Amino acid sequence: MIENLVDRTHHCRNLSSPMAILLYSPALRTILTPYSRPGMRMPFKKMSTQKPIKAALGSSGPITADQTMQKFHQVFHSERQPANGWDKCWEEGVTPWDLGSPTPVLVHLNDTGSLPKGRALLPGCGTGHDVVAIASAERYVVGLDISDNALKKATELSSRSPNAEHFTFLKTDFFTWCPTQLFDLIFDYTFFCAIEPGLRSQWARKICDLLKPDGELITLMFPIDDHEGGPPYKVSVADYEEVLHPLGLKATYIAENELAVAPRMGREKLGRWRRSICQSSL
């Protein structure tokens, strides 16, 4: 049964698919890790699958994407301030954007030596899986988040990491934060899509301020689709170009993310950006 599920993961192309929701459920992460390429398999340890599947499905049947997002929006919009809404979601564990593990394509870039060394920034870092994954003696990583509960989880999860001296977590507002040092790398995933579209120009200006003259911005652009409302708000390559190009940040590489987790396959693009004329205000 499990092998059949794995063989079918590459057919999940959107979060409305019951299979996509099943694979995306934290209860099943102990059994399945969605692979993005058709035919790829992963080794399984011998274990009973009955309990996790029952926990994921519940007594009333599979959880749908609509139900998941409805719950998220209910919790998020129960608070007047967005910062409080995000914190409430982390407190109640309603975090459909959280993969529960490092982003596969970021791990690949790190393992292949394709990331800039020096100082790296991850805004909206959540539980910090990506922060820990790329931190090393050659790269000091700063993870920012506005949620106390998210950073509490991040600290708990990373407390025994052997590379703990090479990263830190800060609770602060990305838009008002003024560090004393600039960054060689900024990685944005599920942050651009989480902010109000009206703030995107401000996001770009802040990115430009925080990036070294020869630094690189890497964006994992998601969700690329036609849904209405948010968060997450729909994005497109043009949305990034619209706010980055006027500041001199131009794409050096844009391609489909072939390592996307199954429910997000076909709705993500990897972009790498460097600036030519933008001058930092720091």
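I began with the contacts of T219. Leaving aside neighbours within four places in sequence, T219 is in contact with D188, W203, Y240, K269, L270, G271 and W273. I note that this is a predicted model.

Next I looked up where T219 sits. T219 is found in strand β5. Is T219 buried or exposed? I found a relative accessible area of 0% for T219, and buried means under 20%, so T219 is buried. I then checked its side chain for polar contacts. The side chain of T219 makes one with the side chain of W273, at 2.9 Å.

**The sheet**

I traced the strands. Seven of them form an open sheet, in the order β3-β2-β1-β4-β5-β7-β6, and the pairing is mixed. Which strands are at the edges? They are β3 (167-171) and β6 (249-256), and each pairs on one side only. From one strand to the next, the twist averages 20°.

I reminded myself how strands pair. Strands of a sheet pair through backbone hydrogen bonds, either parallel or antiparallel. I took β2 and β3 as my example. Strand β2 (residues 139-145) pairs with β3 in the parallel sense, over five bridges. In β3, F169 is the bridge partner of G143.

**Helices on the sheet**

I looked at two helices that pack on the sheet. Helix α8 (residues 148-158) touches β2 and β3, and its direction makes about 160° with that of β3. Helix α10 (residues 237-244) touches β5 (211-221), β6 and β7 (269-275). The direction of α10 makes about 160° with that of β5.

**Helix α6**

Which residues of helix α6 (residues 104-111) are buried? I found V105, L106 and L109. Why are they on the same side of α6? They cover an arc of only 100° around the axis, and that puts them on the same side. An α-helix has 3.6 residues a turn, so residues three or four places apart point the same way.

I then asked what these residues pack against. The buried residues of α6 pack against α7 (129-134), β4 (183-189), β5 and β7. Just after α6, I noted G113, which takes a positive phi of about 70°.

**Cysteines**

How many disulfides does a search of the whole structure find? It finds zero. I looked up two cysteines, C178 and C193. C178 has 59% relative accessibility, so C178 counts as exposed. C193 has a relative accessible area of 3%, so C193 is buried.

Conventions. Residues numbered from 1 in each chain as written. Predicted model: local features only at pLDDT ≥ 70, side-chain atom pairs only at ≥ 80, totals over all residues. Heavy atoms only, no water. Pairing = 2+ DSSP bridges. Helix = DSSP H or I, 4+ residues; strand = E, 2+ residues; numbered from the N terminus. Axes fitted to C-alpha atoms, helices over the stretch in contact; angles between N-to-C directions. Contact = heavy atoms within 4.5 Å. Buried < 20%, exposed > 50% of the residue type's maximum accessible area, 1.4 Å probe, protein only. Polar contact = N/O pair within 3.5 Å; in protein donor to acceptor, adjacent residues only side chain to side chain. Arc of directions from axis to C-beta. Disulfide = S-S within 2.5 Å.
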